[in-house]
Amino acid sequence: MKHYSAFAVAREALRYHTGWERAWRSPEPKKRYDVIIIGAGGHGLATAYYLGKNYGIQNVAVIEKGWLGGGNTGRNTTIIRSNYLQDPSAAIYEKARGLYEDLSQDLNYNVMFSPRGVIMLAQTQHEIRGYQRTAHANALQGVKTEWIGPERVKQLVPIINLDGPRYPVLGGLWQERGGTARHDAVAWGYARACSAMGMDIIQQCEVTGVRSENGRVVGVDTTKGAIDCDKLGIVVAGHSGQLAEMAGFRLPLEAVALQALVSEPIKPCMDVVVMANTVHGYMSQSDKGEMVIGGGTDAYNNFTQRGSFHHIEETVRALVETFPMISRLKMLRQWGGIVDMTGDRSPILSTTPLGNCFINCGWGTGGFKAIPGSGWGMAQLMATGHSPLTEAFTMDRFKEGRFIDESVAAGVAH
């Protein structure tokens, strides 16, 4: 009997759905589109989808240097939450979390959204005060979170060790409707819906230049030829700086690798997501039984998408104190993604110095959870010139000192 990889099975299953074949085979680009989106990851595809669904703009091309969902969308740890401190952050992440709730029905494609709950552990007195402050801010923002004590943490996560030798668990910030989703399915679902509207998703098509006339974008040059457009969206995560340079402006970003790993599959033992900022790690259990583990970004700028041994050692060593059972697990595989970090650890969703050119970048370590909200706001910005979800995240905030400081919420805990 012939065996197929999980990817091959999923790919063949998708071909049965109306419209997917066009997206998979990457049609040759037309000479002109109303909108070109550079980047066929979750944020780019969501932007294209909501342009079509909400504003009727369907003459759209999503062009991708590699393959659909092959960047950070397919390389993250799938965590979804909205318990951010600052009002603009909470608004866009809660919009995303709310859209995730019904995304499978909206796309008619199962993205496997699992609202299993997210706990952010407090292991120092400083974290207790910080998370209690966030809980009060969330209450004012209409984001449902609560502060819970160590007994409740133990009830939710029986495998946890409350009395760590360095950092005991003192409580946590609990978001019951946070959770996870299948990262590849989010990209595939948006792609299929875009393709069904008649949009072109063009893979293996690298942008080599951005053309402009009289201060406005008029098209892009690619490895498949020149393409004209009325509006351009740059949504390429870790390579945003390079694309911005092609368009004639600079971004306040740095690119670093973020690594993650999974263990061998084991029986169900943890049905929530747990983040531990103090020891610098987080963990959840996948539907296949693997323990999904991650930590902080690399300490130096780089564009690698590989893992490194020292990251495994540092992250697992930190988590073993809080979850002793993982010391007995074999690690199965490891990977990395390229994240773009701003100084205040908040994204940029903005117009640019080049007319009709828009940028969506700077999500750092927390981009997956924001995909539907980011796409919704970016589509509104591109279609109408303004969006309440994006107005605080402009490029100008760095010149004007209007920082949206989420360095604690976004810089480590994903």
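Helix α10 (residues 309-322) has 14 residues, and its first and last C-alpha atoms lie 21 Å apart, close to the 20 Å expected at 1.5 Å a residue. The expected span is 1.5 Å times one less than the number of residues. Helices (H or I, at least four residues) and strands (E, at least two) are DSSP runs, numbered from the N terminus.

This is a predicted model: local features need pLDDT of at least 70, side-chain atom pairs count only at pLDDT 80 or more, and totals for chains, interfaces and linings use all residues. Residues are numbered from 1 along each chain as its sequence is written, and side-chain values use heavy atoms, with hydrogens and water left out.

Several residues of α10 are buried, among them His 311, Ile 312, Thr 315 and Leu 319. Buried means under 20% relative accessible area, exposed over 50%, partly exposed in between (1.4 Å probe, protein chains only). An α-helix has 3.6 residues a turn, so residues three or four places apart point the same way.

Helix α6 (residues 125-141) has 17 residues. They should span 24 Å at 1.5 Å a residue, and the end C-alpha atoms are 24 Å apart, which agrees. Its buried residues include Glu 127, Tyr 131 and Asn 138. Gly 142 follows α6, with a positive phi near 80°.

| Helix | Cover includes |
|---|---|
| α6 | β4 (118-122), β5 (146-148), β6 (171-175) |
| α10 | β4, β12 (254-263), β14 (281-285), β15 (291-301), β16 (331-341) |

**A buried leucine.** Leu 243 lies in helix α9 (residues 240-247). Leu 243 is buried, with a relative accessible area of 9%. Leaving aside neighbours within four places in sequence, Leu 243 touches Ile 38, Val 207, Ile 234 and Val 236. Val 210 is 33 residues away along the chain, yet its C-alpha is 8.1 Å from that of Leu 243.

**The whole chain.** The protein chain has 13 helices and 18 strands. Its radius of gyration is 21 Å, close to the 22 Å that the globule rule gives for 414 residues, so the chain is as compact as a globular protein of that length. That radius is taken over C-alpha atoms; the rule is 2.2 Å times the number of residues to the power 0.38. The C-alpha trace spans about 65 × 65 × 40 Å along its principal axes. Buried residues make up 57% of the 414. Among contacts between residues at least 6 apart in sequence, 75% join residues at least 24 apart.

Methods
Contact = heavy atoms within 4.5 Å.
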